[in-house]
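Here are my notes on the structure, as numbered points. Please read them with the structure open.

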Amino acid sequence: MITFKNISEKVHASQRITSDEALFLFNSNDLLGIGELAALANEKKNGKNVYFNVNRHINPTNVCVNRCAFCAFSRTAGEDGAYTLALDEICRRAHEAEEDGATEVHIVGGLHPDLAFEFYEEALKAIRNTAPNLHIKAFTAVEIEYFSRITGLAIQQVLERLIKAGLGSMPGGGAEILGEAVRVKICPEKISGERWLEIIRLAHLVGLKTNATMLYGHVESAADRVEHMELLRSLQDETGGFQAFIPLAFQTENSDLKLDIKGASGLDDLKTLAISRIYLDNFDHIKAYWIMLGEKIAQVSLAFGVNDLDGTVIEEKIGHDAGAKSPQSLSKEGIIRLIRKAGKIPVERDTLYNPIRNY
Ligand code: V47
Ligand code: SF4
């Protein structure tokens, strides 16, 4: 029989918990007990250090052929609010970011029906020329697969060409919930969960580090979340290529997903972050993406196993188009203050988690 005591003994002994045990924790109301275990698991890995980076998001286009039901960011070509940035503008934003002290640009966007793969290659090359010290973290597995489809190139070739153009690593988007039963409800046009994992596996094999996200707080069950994390944990055992796990709290406004609930509760946010810290024993970092969580829950999560607050971001569209109440950006000083007030040590990092400076 599964008991909290058994799970606690495992965490104290640094042993892996089972998926059934993770599900048991999701069904428990002992938030503080779960948080304490997650804090312990995190302390063993990261001590008191909490990472952040100075970065800027650039979304080259919101035009997307997929139109996932949950996504308030995307538009159909020609629709009101549809946009595509010119190469010059992408470069200008990257250059400005570097001048302002950023070490990373985070680039993701829609699957545009008319933009050629070469546009993206050119964008990376141009950024590398104008802002040579910026690490380019770009393109979800969903975009990589789309590039392969529109060019007829194999996934490995797409990745190799992008690396040659300046790609440094990949973000963790597009994972949503990997189980097919949920995917058909929330993103029927998107690549399957199996294909997402396959592309990430290939990215890891060519040497790219990636993150992994999980979109929660919509139609999924606790069992779907656990299955999602189980698939990630298995792939991580195989490749070791994941850096951070990032649960993304669903923002409900302007979405075609009509739900009875208004997204995840604060309690669910903290429980989900904490259980992921306990369950994903082979992930070094759990990231609280403050854009979706709000600054307050993100700060409190530092006592619930989280050791990364993402970055300054500068301009965020995906969550804010869906009604996120957080600011568009946080200053470096603001992030440092959040971390310090939680009794932790702020560590500015680069994209690959090399420490730049302790505060
Ligand atoms: O895949 C879309 C999500 C993701 C909504 O790797 C939404 O460091 C909540 O992946 N409410 C893209 N989430 C963003 C992403 C990301 C963000 C920050 C850091 C990293 C990283 C990755 O945004 C999509 C989707 O899961 N998303 N709409 C929404 N309404
Ligand atoms: Fe397109 Fe991504 Fe939005 Fe889906 S989540 S509609 S793939 S931009």
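1. Alanine 102 touches Val54, Asn55, Ala97 and Leu134, leaving aside residues up to four places away in sequence. This is a predicted model, and the points below should be read that way. Alanine 102 sits in the loop that runs between helix H4 (87-99) and strand E3 (104-107). Its relative accessibility is 9%, so alanine 102 counts as buried, the cut-off being under 20%. The C-alpha atom of alanine 102 is separated by 9.2 Å from that of histidine 135, and the two residues are 33 apart along the chain.

2. Which residues of helix H7 are buried? In this helix, residues 155-165, they are Ile155, Val158, Leu159, Leu162 and Ala165. Viewed down the axis of H7, these buried residues fall within an arc of 125°, and therefore they line one face of the helix. Glycine 166, which comes just after H7, takes a positive phi of about 130°.

3. Valine 313 has a positive phi of about 70°, although valine 313 is not a glycine. Its place is the loop between strand E9 (308-311) and helix H14 (332-341). Is valine 313 buried or exposed? The relative accessible area of valine 313 is 0%, so this residue is buried.

4. Tyrosine 353 is the other residue to check. Here too the residue is not a glycine, yet tyrosine 353 has a positive phi of about 70°. Tyrosine 353 belongs to the loop between strand E10 (345-349) and strand E11 (355-358). With a relative accessibility of 10%, tyrosine 353 counts as buried.

5. Last, the surroundings of ligand 2. What surrounds ligand 2? The residues around this ligand are Cys64, Asn66, Arg67, Cys68, Phe70, Cys71, Ser74, Gly110 and Lys190. Sorted by class, the shell around ligand 2 has four nonpolar, three polar and two charged residues. The largest cavity is the space that ligand 2 takes.

Terms used: Residues numbered from 1 in each chain as written. Chains lettered and ligands numbered in written order. Predicted model: local features only at pLDDT ≥ 70, side-chain atom pairs only at ≥ 80, totals over all residues. Heavy atoms only, no water. Near = heavy atom within 4 Å. 1 Å grid on protein atoms, 1.4 Å probe; cavity = no way out; pocket = protein on both sides within 12 Å on 5 of 7 lines; lining within 4 Å. Sits in = over half its atoms within 2 Å of the grid points. Nonpolar A, V, L, I, M, F, W, Y, C, P; charged D, E, K, R; others polar. Helix = DSSP H or I, 4+ residues; strand = E, 2+ residues; numbered from the N terminus. Buried < 20%, exposed > 50% of the residue type's maximum accessible area, 1.4 Å probe, protein only. Contact = heavy atoms within 4.5 Å. Arc of directions from axis to C-beta.
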